[in-house]
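Please open the model in your viewer and keep the selection tool at hand. The stops below are meant to be followed in order.

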Amino acid sequence: MHPSAKVVLFALCMLPISWLIYRVASNGAGANPQEYLIRATGDWTLRFICIVLAVTPLRTISNTPQLARFRRMLGLFVYFYVVIHLLSYSWFDMGFDVADIAKDIAKRPFILVGFLGFLLLTPLAATSFNKAIKAMGAKRWQLLHKLVYVISGLGLLHFFWMRAGKNNFAEVFVYAAIIAALLGWRVRQYLIKKKSAAQTIQARAAT
Amino acid sequence: MLIKTNANGFHHTASSEITPLSAYQSRRDLMKLMATGAAGAAMASWASREAMAQSVDKPGKLAALAGGKSAVAGAVTMEKITDYKDATTYNNFYEFGTDKADPGKNAHTLVTKPWSVAIEGMVKQPKSYTLEDLIKLSPQEERIYRLRCVEGWSMVIPWVGYSLSELIKKVEPLSSAKYVEFVTLADPKTMPFVGSRVLEWPYVEALRMDEAMHPLALLSFGMYGEVLPNQNGAPVRMVLPWKYGFKSGKSIVKIRFTDKEPKTAWNKAAASEYGFYSNVNPNVDHPRWSQASERRIGEDGLFAKKRKTLMFNGYEAQVGQLYAGMDLKKNF
(Lines give C-alpha, C1' and ligand atoms only; values in the text may rest on other atoms or scores of the structure.)
Protein backbone atom coordinates (compact mmCIF):
# COMPACT_ATOMS: atom_id res chain seq x y z
CA MET A 1 0.00 0.00 0.00
CA HIS A 2 1.15 3.51 -0.78
CA PRO A 3 3.11 5.09 2.10
CA SER A 4 0.88 8.17 2.07
CA ALA A 5 -2.26 6.05 2.62
CA LYS A 6 -2.16 6.64 6.35
CA VAL A 7 -1.92 10.39 5.96
CA VAL A 8 -4.85 10.37 3.54
CA LEU A 9 -6.91 8.28 5.92
CA PHE A 10 -6.08 10.64 8.78
CA ALA A 11 -7.26 13.58 6.70
CA LEU A 12 -10.46 11.71 5.83
CA CYS A 13 -11.14 11.02 9.50
CA MET A 14 -10.78 14.72 10.24
CA LEU A 15 -13.33 15.65 7.59
CA PRO A 16 -16.46 15.14 9.76
CA ILE A 17 -15.24 17.40 12.57
CA SER A 18 -14.03 20.01 10.09
CA TRP A 19 -17.44 19.95 8.41
CA LEU A 20 -19.26 20.30 11.73
CA ILE A 21 -17.13 23.25 12.78
CA TYR A 22 -17.63 24.87 9.39
CA ARG A 23 -21.42 24.40 9.58
CA VAL A 24 -21.61 25.97 13.03
CA ALA A 25 -19.21 28.81 12.20
CA SER A 26 -21.12 29.69 9.03
CA ASN A 27 -24.52 29.61 10.78
CA GLY A 28 -25.51 26.54 8.79
CA ALA A 29 -26.24 24.30 11.76
CA GLY A 30 -29.84 25.39 12.28
CA ALA A 31 -31.57 27.10 15.16
CA ASN A 32 -29.89 25.02 17.86
CA PRO A 33 -26.20 24.60 16.95
CA GLN A 34 -25.37 23.22 20.40
CA GLU A 35 -27.82 20.34 19.97
CA TYR A 36 -26.58 19.84 16.40
CA LEU A 37 -22.97 19.46 17.58
CA ILE A 38 -23.84 17.14 20.45
CA ARG A 39 -25.92 14.86 18.23
CA ALA A 40 -23.60 14.89 15.21
CA THR A 41 -20.51 13.99 17.26
CA GLY A 42 -22.50 11.13 18.81
CA ASP A 43 -23.47 9.92 15.34
CA TRP A 44 -19.83 10.04 14.24
CA THR A 45 -18.69 8.09 17.30
CA LEU A 46 -21.08 5.28 16.33
CA ARG A 47 -19.98 5.45 12.71
CA PHE A 48 -16.31 5.16 13.67
CA ILE A 49 -17.14 2.17 15.89
CA CYS A 50 -18.68 0.53 12.81
CA ILE A 51 -15.66 1.46 10.69
CA VAL A 52 -13.08 0.13 13.14
CA LEU A 53 -15.04 -3.11 13.64
CA ALA A 54 -15.15 -3.53 9.86
CA VAL A 55 -11.35 -3.53 9.48
CA THR A 56 -10.71 -7.16 10.43
CA PRO A 57 -13.54 -8.69 8.36
CA LEU A 58 -12.52 -6.53 5.42
CA ARG A 59 -8.86 -7.53 5.83
CA THR A 60 -9.67 -11.24 5.94
CA ILE A 61 -12.31 -11.29 3.20
CA SER A 62 -10.31 -9.16 0.77
CA ASN A 63 -7.06 -10.82 1.84
CA THR A 64 -5.37 -7.45 2.45
CA PRO A 65 -3.32 -7.85 5.63
CA GLN A 66 -1.96 -4.30 5.17
CA LEU A 67 -5.29 -2.93 6.42
CA ALA A 68 -4.36 -3.96 9.97
CA ARG A 69 -2.04 -1.00 10.33
CA PHE A 70 -4.99 1.42 10.05
CA ARG A 71 -6.95 -0.14 12.85
CA ARG A 72 -5.25 1.66 15.72
CA MET A 73 -5.74 5.08 14.19
CA LEU A 74 -9.40 4.38 13.45
CA GLY A 75 -9.87 3.16 17.01
CA LEU A 76 -8.33 6.36 18.33
CA PHE A 77 -10.71 8.35 16.17
CA VAL A 78 -13.62 6.64 17.95
CA TYR A 79 -12.18 8.05 21.14
CA PHE A 80 -11.55 11.43 19.52
CA TYR A 81 -15.20 11.79 18.54
CA VAL A 82 -16.58 10.48 21.82
CA VAL A 83 -14.44 12.97 23.74
CA ILE A 84 -15.77 15.85 21.63
CA HIS A 85 -19.28 14.43 22.11
CA LEU A 86 -18.85 14.37 25.88
CA LEU A 87 -17.18 17.79 25.93
CA SER A 88 -20.00 19.29 23.84
CA TYR A 89 -22.60 17.88 26.20
CA SER A 90 -20.70 18.99 29.31
CA TRP A 91 -20.11 22.44 27.94
CA PHE A 92 -23.22 23.35 25.93
CA ASP A 93 -25.84 21.51 27.97
CA MET A 94 -24.27 21.61 31.41
CA GLY A 95 -21.96 24.64 31.40
CA PHE A 96 -19.21 22.42 32.90
CA ASP A 97 -21.12 22.36 36.17
CA VAL A 98 -19.79 19.12 37.68
CA ALA A 99 -22.61 18.84 40.24
CA ASP A 100 -25.22 19.26 37.48
CA ILE A 101 -23.46 16.69 35.31
CA ALA A 102 -23.32 14.17 38.16
CA LYS A 103 -27.02 14.71 38.83
CA ASP A 104 -27.83 14.32 35.15
CA ILE A 105 -25.84 11.10 34.85
CA ALA A 106 -27.72 9.67 37.83
CA LYS A 107 -31.08 10.91 36.56
CA ARG A 108 -31.01 9.81 32.97
CA PRO A 109 -30.26 6.16 32.25
CA PHE A 110 -29.24 6.92 28.68
CA ILE A 111 -26.64 9.44 29.84
CA LEU A 112 -25.37 6.90 32.37
CA VAL A 113 -25.00 4.24 29.69
CA GLY A 114 -23.24 6.63 27.33
CA PHE A 115 -20.90 7.78 30.07
CA LEU A 116 -20.13 4.17 30.97
CA GLY A 117 -19.22 3.52 27.35
CA PHE A 118 -16.84 6.46 27.44
CA LEU A 119 -15.24 5.22 30.68
CA LEU A 120 -14.68 1.75 29.23
CA LEU A 121 -13.22 3.22 26.06
CA THR A 122 -10.63 5.23 27.99
CA PRO A 123 -8.26 2.33 28.90
CA LEU A 124 -8.43 1.14 25.30
CA ALA A 125 -7.31 4.52 24.02
CA ALA A 126 -4.68 4.73 26.77
CA THR A 127 -3.08 1.44 25.73
CA SER A 128 -2.91 2.25 22.04
CA PHE A 129 0.86 2.18 21.68
CA ASN A 130 3.40 -0.59 21.22
CA LYS A 131 5.00 -0.23 24.65
CA ALA A 132 1.63 -0.82 26.31
CA ILE A 133 1.16 -4.03 24.37
CA LYS A 134 4.62 -5.19 25.38
CA ALA A 135 4.12 -4.24 29.00
CA MET A 136 0.74 -5.92 29.23
CA GLY A 137 1.53 -8.94 27.13
CA ALA A 138 -0.32 -9.48 23.86
CA LYS A 139 -2.86 -11.88 25.38
CA ARG A 140 -3.99 -9.55 28.12
CA TRP A 141 -3.92 -6.56 25.80
CA GLN A 142 -6.18 -8.39 23.38
CA LEU A 143 -8.53 -9.39 26.15
CA LEU A 144 -8.76 -5.76 27.30
CA HIS A 145 -9.48 -4.61 23.76
CA LYS A 146 -12.31 -7.14 23.44
CA LEU A 147 -14.14 -4.53 25.55
CA VAL A 148 -14.95 -2.83 22.27
CA TYR A 149 -17.83 -5.29 21.87
CA VAL A 150 -19.32 -4.22 25.21
CA ILE A 151 -18.72 -0.58 24.31
CA SER A 152 -20.51 -0.86 20.96
CA GLY A 153 -23.46 -2.44 22.79
CA LEU A 154 -23.52 0.44 25.28
CA GLY A 155 -23.30 2.96 22.45
CA LEU A 156 -26.27 1.36 20.73
CA LEU A 157 -28.30 1.25 23.94
CA HIS A 158 -27.44 4.93 24.57
CA PHE A 159 -28.72 5.85 21.11
CA PHE A 160 -31.79 3.59 21.40
CA TRP A 161 -32.81 5.13 24.72
CA MET A 162 -32.26 8.64 23.46
CA ARG A 163 -34.59 7.97 20.53
CA ALA A 164 -37.16 6.12 22.66
CA GLY A 165 -38.93 9.37 23.57
CA LYS A 166 -40.02 9.81 19.97
CA ASN A 167 -40.34 6.09 19.11
CA ASN A 168 -37.97 6.83 16.28
CA PHE A 169 -35.77 3.77 15.92
CA ALA A 170 -35.09 3.54 12.18
CA GLU A 171 -31.51 4.83 12.43
CA VAL A 172 -30.83 2.91 15.62
CA PHE A 173 -31.73 -0.31 13.84
CA VAL A 174 -29.40 0.49 10.94
CA TYR A 175 -26.44 0.84 13.31
CA ALA A 176 -27.55 -2.23 15.26
CA ALA A 177 -27.74 -4.28 12.05
CA ILE A 178 -24.27 -3.19 10.93
CA ILE A 179 -22.69 -3.93 14.31
CA ALA A 180 -24.58 -7.24 14.56
CA ALA A 181 -23.31 -8.27 11.13
CA LEU A 182 -19.72 -7.40 12.04
CA LEU A 183 -19.93 -9.32 15.31
CA GLY A 184 -21.78 -12.20 13.62
CA TRP A 185 -18.94 -12.54 11.15
CA ARG A 186 -16.49 -12.92 14.05
CA VAL A 187 -18.64 -15.56 15.72
CA ARG A 188 -18.78 -17.46 12.44
CA GLN A 189 -15.00 -17.23 12.03
CA TYR A 190 -14.55 -18.50 15.57
CA LEU A 191 -16.85 -21.49 14.96
CA ILE A 192 -15.12 -22.37 11.67
CA LYS A 193 -11.73 -22.23 13.39
CA LYS A 194 -12.96 -24.42 16.22
CA LYS A 195 -14.41 -26.94 13.79
CA SER A 196 -11.26 -27.16 11.71
CA ALA A 197 -9.15 -27.52 14.87
CA ALA A 198 -11.40 -30.38 16.01
CA GLN A 199 -11.09 -32.00 12.59
CA THR A 200 -7.29 -31.80 12.76
CA ILE A 201 -7.31 -33.52 16.12
CA GLN A 202 -9.65 -36.21 14.78
CA ALA A 203 -7.50 -36.68 11.71
CA ARG A 204 -4.40 -37.07 13.87
CA ALA A 205 -6.14 -39.58 16.12
CA ALA A 206 -7.15 -41.66 13.10
CA THR A 207 -3.60 -42.08 11.81
CA MET B 1 -46.08 45.20 13.73
CA LEU B 2 -47.89 47.03 16.44
CA ILE B 3 -50.50 49.40 15.13
CA LYS B 4 -50.84 52.19 17.63
CA THR B 5 -53.55 54.75 17.64
CA ASN B 6 -54.24 57.56 20.10
CA ALA B 7 -56.90 55.34 21.68
CA ASN B 8 -54.17 53.11 23.06
CA GLY B 9 -52.86 55.89 25.24
CA PHE B 10 -49.24 56.45 26.10
CA HIS B 11 -47.00 53.53 25.27
CA HIS B 12 -43.70 53.01 27.04
CA THR B 13 -40.92 52.13 24.67
CA ALA B 14 -38.64 49.32 25.79
CA SER B 15 -34.97 50.24 25.82
CA SER B 16 -34.36 47.44 23.32
CA GLU B 17 -36.68 49.18 20.88
CA ILE B 18 -34.79 52.46 20.94
CA THR B 19 -32.77 52.91 17.78
CA PRO B 20 -29.11 53.62 18.46
CA LEU B 21 -28.08 57.17 17.52
CA SER B 22 -25.61 55.94 14.93
CA ALA B 23 -28.23 53.82 13.17
CA TYR B 24 -30.67 56.76 13.28
CA GLN B 25 -28.09 59.11 11.84
CA SER B 26 -27.07 56.80 9.04
CA ARG B 27 -30.71 56.20 8.20
CA ARG B 28 -31.28 59.97 8.11
CA ASP B 29 -28.29 60.34 5.81
CA LEU B 30 -29.57 57.58 3.56
CA MET B 31 -33.01 59.16 3.40
CA LYS B 32 -31.52 62.57 2.63
CA LEU B 33 -29.61 60.95 -0.16
CA MET B 34 -32.78 59.34 -1.47
CA ALA B 35 -34.83 62.49 -1.12
CA THR B 36 -32.38 64.25 -3.40
CA GLY B 37 -33.54 61.81 -6.04
CA ALA B 38 -30.33 59.87 -6.27
CA ALA B 39 -32.02 56.56 -5.52
CA GLY B 40 -35.31 57.03 -7.29
CA ALA B 41 -38.91 57.26 -6.19
CA ALA B 42 -39.48 53.57 -5.49
CA MET B 43 -36.60 53.39 -3.05
CA ALA B 44 -37.75 56.55 -1.31
CA SER B 45 -41.10 55.00 -0.45
CA TRP B 46 -39.32 51.93 0.88
CA ALA B 47 -37.17 54.17 3.04
CA SER B 48 -40.11 55.95 4.59
CA ARG B 49 -41.77 52.65 5.41
CA GLU B 50 -38.60 51.38 7.02
CA ALA B 51 -38.41 54.45 9.20
CA MET B 52 -41.81 53.66 10.69
CA ALA B 53 -41.17 50.00 11.40
CA GLN B 54 -41.58 48.95 15.03
CA SER B 55 -40.15 46.08 17.01
CA VAL B 56 -41.60 43.26 14.89
CA ASP B 57 -40.43 43.22 11.31
CA LYS B 58 -42.70 41.44 8.90
CA PRO B 59 -40.75 38.75 7.10
CA GLY B 60 -42.65 39.45 3.89
CA LYS B 61 -43.29 35.80 3.11
CA LEU B 62 -47.02 35.37 3.65
CA ALA B 63 -50.21 37.43 3.69
CA ALA B 64 -50.17 40.21 6.27
CA LEU B 65 -52.28 39.84 9.39
CA ALA B 66 -51.95 42.82 11.68
CA GLY B 67 -52.68 42.64 15.38
CA GLY B 68 -53.59 45.61 17.53
CA LYS B 69 -52.21 46.32 20.97
CA SER B 70 -53.49 43.96 23.64
CA ALA B 71 -54.86 45.14 26.97
CA VAL B 72 -54.39 41.71 28.54
CA ALA B 73 -51.87 41.61 31.41
CA GLY B 74 -48.71 39.78 30.40
CA ALA B 75 -49.63 39.87 26.72
CA VAL B 76 -46.42 41.52 25.55
CA THR B 77 -43.03 40.51 26.84
CA MET B 78 -40.22 42.93 26.09
CA GLU B 79 -37.66 40.18 25.56
CA LYS B 80 -35.81 39.89 22.29
CA ILE B 81 -37.96 38.30 19.62
CA THR B 82 -36.65 35.08 18.09
CA ASP B 83 -35.62 35.28 14.44
CA TYR B 84 -38.41 34.33 12.05
CA LYS B 85 -36.03 31.88 10.38
CA ASP B 86 -35.42 30.01 13.64
CA ALA B 87 -39.13 30.05 14.52
CA THR B 88 -40.02 28.51 11.16
CA THR B 89 -37.20 25.96 10.75
CA TYR B 90 -37.06 24.48 14.25
CA ASN B 91 -40.48 23.01 15.00
CA ASN B 92 -42.17 20.06 16.59
CA PHE B 93 -45.11 19.10 14.38
CA TYR B 94 -44.98 15.32 14.21
CA GLU B 95 -47.54 15.05 11.42
CA PHE B 96 -44.67 16.27 9.22
CA GLY B 97 -41.81 14.30 10.81
CA THR B 98 -40.09 14.00 14.16
CA ASP B 99 -36.92 15.91 13.34
CA LYS B 100 -37.25 19.60 14.13
CA ALA B 101 -36.18 20.55 10.61
CA ASP B 102 -38.85 18.25 9.08
CA PRO B 103 -41.97 20.46 9.40
CA GLY B 104 -40.23 23.36 7.65
CA LYS B 105 -39.33 21.03 4.78
CA ASN B 106 -42.53 18.96 4.57
CA ALA B 107 -45.45 21.14 5.65
CA HIS B 108 -45.85 22.85 2.26
CA THR B 109 -48.28 20.04 1.36
CA LEU B 110 -50.78 21.16 4.02
CA VAL B 111 -53.95 22.58 2.45
CA THR B 112 -55.36 25.41 4.57
CA LYS B 113 -58.04 26.64 2.15
CA PRO B 114 -60.90 26.01 2.59
CA TRP B 115 -60.76 25.50 6.35
CA SER B 116 -63.45 25.27 8.97
CA VAL B 117 -63.53 24.67 12.69
CA ALA B 118 -66.46 22.73 14.16
CA ILE B 119 -67.72 23.69 17.61
CA GLU B 120 -69.27 20.60 19.17
CA GLY B 121 -70.40 19.02 22.42
CA MET B 122 -71.92 20.76 25.41
CA VAL B 123 -72.69 24.16 23.90
CA LYS B 124 -75.87 26.06 23.20
CA GLN B 125 -74.56 27.23 19.83
CA PRO B 126 -72.84 24.32 18.06
CA LYS B 127 -71.63 25.57 14.73
CA SER B 128 -69.04 25.09 12.05
CA TYR B 129 -67.08 28.29 11.51
CA THR B 130 -65.28 29.00 8.28
CA LEU B 131 -61.79 30.32 8.88
CA GLU B 132 -62.85 33.70 7.47
CA ASP B 133 -65.69 34.00 10.00
CA LEU B 134 -63.45 32.85 12.82
CA ILE B 135 -60.80 35.45 12.03
CA LYS B 136 -63.44 38.19 12.06
CA LEU B 137 -65.07 37.02 15.28
CA SER B 138 -62.98 39.33 17.47
CA PRO B 139 -60.29 41.99 16.86
CA GLN B 140 -56.84 40.54 16.23
CA GLU B 141 -54.24 41.40 18.85
CA GLU B 142 -50.48 41.07 18.91
CA ARG B 143 -49.23 38.90 21.76
CA ILE B 144 -45.50 38.55 22.29
CA TYR B 145 -45.17 35.38 24.35
CA ARG B 146 -42.35 33.24 25.63
CA LEU B 147 -42.62 29.69 24.30
CA ARG B 148 -41.07 26.93 26.40
CA CYS B 149 -40.78 23.47 24.86
CA VAL B 150 -40.87 20.46 27.16
CA GLU B 151 -37.54 19.46 25.57
CA GLY B 152 -35.74 22.34 27.27
CA TRP B 153 -35.54 25.11 24.68
CA SER B 154 -37.44 28.35 24.33
CA MET B 155 -38.28 31.16 21.93
CA VAL B 156 -40.08 34.52 22.02
CA ILE B 157 -42.77 34.76 19.36
CA PRO B 158 -45.07 37.62 18.32
CA TRP B 159 -48.38 35.87 17.72
CA VAL B 160 -51.52 37.38 16.22
CA GLY B 161 -54.92 36.26 17.43
CA TYR B 162 -57.49 36.83 20.13
CA SER B 163 -58.33 35.29 23.50
CA LEU B 164 -60.05 31.93 23.10
CA SER B 165 -62.56 33.20 25.68
CA GLU B 166 -64.05 35.47 22.99
CA LEU B 167 -65.06 32.41 21.00
CA ILE B 168 -66.19 30.47 24.06
CA LYS B 169 -68.50 33.32 25.10
CA LYS B 170 -70.07 33.33 21.63
CA VAL B 171 -70.83 29.60 21.57
CA GLU B 172 -72.24 29.56 25.14
CA PRO B 173 -71.04 26.35 26.80
CA LEU B 174 -73.55 24.55 29.06
CA SER B 175 -72.86 24.80 32.76
CA SER B 176 -72.10 21.07 32.71
CA ALA B 177 -69.15 21.62 30.33
CA LYS B 178 -65.92 21.37 32.35
CA TYR B 179 -63.27 20.84 29.66
CA VAL B 180 -62.43 22.07 26.18
CA GLU B 181 -60.91 19.61 23.74
CA PHE B 182 -58.92 20.64 20.66
CA VAL B 183 -58.86 18.17 17.81
CA THR B 184 -56.28 18.84 15.12
CA LEU B 185 -56.13 17.80 11.49
CA ALA B 186 -54.96 14.25 10.72
CA ASP B 187 -54.92 13.95 6.95
CA PRO B 188 -52.56 11.22 5.73
CA LYS B 189 -52.74 12.62 2.20
CA THR B 190 -51.20 15.97 3.11
CA MET B 191 -49.41 15.05 6.34
CA PRO B 192 -46.79 12.41 5.50
CA PHE B 193 -46.15 11.22 9.06
CA VAL B 194 -49.75 10.76 10.18
CA GLY B 195 -49.81 7.05 10.80
CA SER B 196 -46.34 6.88 12.36
CA ARG B 197 -46.42 4.99 15.63
CA VAL B 198 -45.15 7.81 17.83
CA LEU B 199 -48.58 9.15 18.76
CA GLU B 200 -52.24 8.38 18.28
CA TRP B 201 -53.81 10.48 15.53
CA PRO B 202 -55.46 12.89 15.42
CA TYR B 203 -53.38 14.88 17.87
CA VAL B 204 -55.75 15.94 20.64
CA GLU B 205 -55.15 18.50 23.36
CA ALA B 206 -57.42 19.86 26.09
CA LEU B 207 -57.82 22.43 28.84
CA ARG B 208 -59.94 22.81 31.93
CA MET B 209 -62.70 25.37 31.29
CA ASP B 210 -61.15 28.01 33.58
CA GLU B 211 -57.80 27.62 31.82
CA ALA B 212 -59.47 27.95 28.43
CA MET B 213 -61.26 31.12 29.62
CA HIS B 214 -57.99 32.73 30.78
CA PRO B 215 -57.30 35.80 28.62
CA LEU B 216 -53.72 34.67 27.92
CA ALA B 217 -55.05 31.50 26.21
CA LEU B 218 -54.75 32.62 22.62
CA LEU B 219 -56.53 31.40 19.53
CA SER B 220 -53.88 32.33 17.01
CA PHE B 221 -54.04 32.91 13.26
CA GLY B 222 -50.71 34.57 12.65
CA MET B 223 -47.21 35.43 13.78
CA TYR B 224 -44.70 38.16 12.95
CA GLY B 225 -47.54 40.24 11.47
CA GLU B 226 -48.45 37.60 8.89
CA VAL B 227 -50.69 34.54 8.72
CA LEU B 228 -49.26 31.39 10.30
CA PRO B 229 -46.74 29.43 8.21
CA ASN B 230 -47.89 25.82 7.69
CA GLN B 231 -45.14 24.40 9.91
CA ASN B 232 -46.29 26.58 12.80
CA GLY B 233 -49.85 25.28 12.76
CA ALA B 234 -51.66 27.12 9.98
CA PRO B 235 -54.31 28.31 9.68
CA VAL B 236 -55.43 28.33 13.32
CA ARG B 237 -53.83 27.05 16.50
CA MET B 238 -53.78 27.51 20.25
CA VAL B 239 -50.98 29.29 22.12
CA LEU B 240 -50.74 28.70 25.88
CA PRO B 241 -47.63 30.54 27.06
CA TRP B 242 -47.59 29.12 30.60
CA LYS B 243 -47.69 25.49 29.45
CA TYR B 244 -45.16 23.38 27.58
CA GLY B 245 -45.45 23.92 23.85
CA PHE B 246 -47.07 20.59 23.02
CA LYS B 247 -50.26 21.68 24.88
CA SER B 248 -50.85 24.22 22.10
CA GLY B 249 -52.54 22.23 19.34
CA LYS B 250 -51.81 23.18 15.74
CA SER B 251 -54.06 23.22 12.66
CA ILE B 252 -57.24 22.86 14.72
CA VAL B 253 -60.39 21.45 13.05
CA LYS B 254 -62.66 20.83 16.02
CA ILE B 255 -63.24 22.37 19.44
CA ARG B 256 -65.36 20.18 21.67
CA PHE B 257 -66.89 20.97 25.06
CA THR B 258 -67.19 18.07 27.50
CA ASP B 259 -67.70 17.18 31.15
CA LYS B 260 -64.93 14.57 31.29
CA GLU B 261 -61.19 15.19 31.22
CA PRO B 262 -60.23 14.37 27.63
CA LYS B 263 -57.41 11.96 26.85
CA THR B 264 -54.62 14.07 25.36
CA ALA B 265 -52.04 12.92 22.80
CA TRP B 266 -48.82 12.86 24.81
CA ASN B 267 -50.59 11.74 27.95
CA LYS B 268 -51.86 8.69 26.07
CA ALA B 269 -48.36 8.00 24.73
CA ALA B 270 -46.56 8.29 28.10
CA ALA B 271 -48.75 9.16 31.08
CA SER B 272 -45.84 9.13 33.54
CA GLU B 273 -43.95 11.72 31.48
CA TYR B 274 -46.66 14.09 30.24
CA GLY B 275 -49.47 15.08 32.57
CA PHE B 276 -52.80 16.65 31.64
CA TYR B 277 -51.74 20.08 32.90
CA SER B 278 -48.12 20.21 31.70
CA ASN B 279 -47.61 23.66 33.14
CA VAL B 280 -44.05 24.93 32.84
CA ASN B 281 -42.52 24.14 36.20
CA PRO B 282 -38.78 24.25 36.94
CA ASN B 283 -39.34 22.31 40.17
CA VAL B 284 -40.93 19.26 38.59
CA ASP B 285 -38.50 17.45 36.34
CA HIS B 286 -39.45 15.39 33.36
CA PRO B 287 -38.67 11.77 34.38
CA ARG B 288 -35.86 11.74 31.84
CA TRP B 289 -34.41 15.23 32.14
CA SER B 290 -34.29 18.37 34.24
CA GLN B 291 -36.75 21.21 33.61
CA ALA B 292 -34.80 23.72 35.71
CA SER B 293 -33.20 25.48 32.75
CA GLU B 294 -33.69 26.14 29.07
CA ARG B 295 -31.80 27.25 25.99
CA ARG B 296 -33.16 30.38 24.33
CA ILE B 297 -32.93 29.60 20.63
CA GLY B 298 -30.75 31.91 18.55
CA GLU B 299 -30.02 34.34 21.32
CA ASP B 300 -27.15 33.21 23.49
CA GLY B 301 -23.78 32.36 22.03
CA LEU B 302 -22.60 28.81 21.50
CA PHE B 303 -20.97 28.58 24.92
CA ALA B 304 -23.54 30.51 26.95
CA LYS B 305 -24.98 28.76 29.95
CA LYS B 306 -28.65 27.85 29.76
CA ARG B 307 -31.05 30.25 31.45
CA LYS B 308 -33.20 29.38 34.44
CA THR B 309 -36.74 28.34 33.63
CA LEU B 310 -39.42 30.42 35.36
CA MET B 311 -42.48 29.09 37.18
CA PHE B 312 -45.40 28.98 34.74
CA ASN B 313 -42.87 30.24 32.19
CA GLY B 314 -42.92 33.65 33.90
CA TYR B 315 -46.72 33.96 33.83
CA GLU B 316 -47.25 33.05 37.48
CA ALA B 317 -48.74 36.43 38.34
CA GLN B 318 -51.41 35.95 35.67
CA VAL B 319 -52.22 32.22 35.88
CA GLY B 320 -51.02 31.12 39.32
CA GLN B 321 -54.47 31.43 40.89
CA LEU B 322 -55.88 28.83 38.46
CA TYR B 323 -53.88 26.21 40.33
CA ALA B 324 -54.16 27.51 43.89
CA GLY B 325 -54.21 24.66 46.38
CA MET B 326 -53.25 22.04 43.81
CA ASP B 327 -50.29 19.75 44.35
CA LEU B 328 -48.33 20.55 41.19
CA LYS B 329 -46.00 17.58 41.73
CA LYS B 330 -48.99 15.25 41.39
CA ASN B 331 -50.88 17.33 38.84
CA PHE B 332 -47.90 17.87 36.58
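What follows is a short tour that moves from one chain to the other.

This is a predicted model, in which local features need pLDDT of at least 70 and side-chain atom pairs count only at pLDDT 80 or more, while totals for chains, interfaces and linings use all residues. Residues are numbered from 1 along each chain as its sequence is written, and chains are lettered from A and ligands numbered from 1 in the order in which they are written.

**Where the chains touch**

Begin by selecting the contact between the chains, to which chain A gives 15 residues and chain B gives 18 residues; two residues are in contact if their C-beta atoms, placed from the backbone, lie within 7 Å. On the side of chain A that touches chain B, the elements giving two or more residues are α2 (33-61) and α4 (98-107) of chain A, where helices (H or I, at least four residues) and strands (E, at least two) are DSSP runs numbered from the N terminus.

**Helix α5 of chain A**

Next select residues 109-126 of chain A, which form helix α5 with its 18 residues. In α5(A), the residues A:I111, A:V113, A:G114, A:G117 and A:L121 are buried, a term for residues with 20 or more other C-beta atoms within 10 Å of their own, whereas exposed residues have 12 or fewer and partly exposed ones fall in between, with C-beta atoms placed from the backbone. The buried residues of α5(A) pack against α3 (71-93), α4 and α8 (147-164) of chain A.

**A residue on α9**

Move on to A:T200, which you will find in helix α9 (residues 170-206) of chain A. Is A:T200 buried or exposed? A:T200 counts as exposed because it has 10 C-beta neighbours inside 10 Å. If you also select A:F10, 190 residues apart from A:T200 along the chain, the C-alpha atoms of the two are separated by 43 Å.

**Strand β7 of chain B**

Now turn to chain B, which has nine helices and 14 strands, and select strand β7 (residues 179-184), where six of its six residues are buried. In a regular strand the side chains alternate between the two faces of the sheet. Here B:Y179, B:E181 and B:V183 point one way from β7(B), and B:V180, B:F182 and B:T184 point the other way.

Strand β8 (residues 204-208) of chain B runs antiparallel to β7(B) and is joined to it by five bridges, with B:Y179 opposite B:R208. Strand β12 (residues 252-258) of chain B also pairs with β7(B) in the antiparallel sense, over six bridges, and there B:R256 is the bridge partner of B:E181.

Definitions and conventions: Expected span 1.5 Å × (residues − 1). Pairing = 2+ DSSP bridges.
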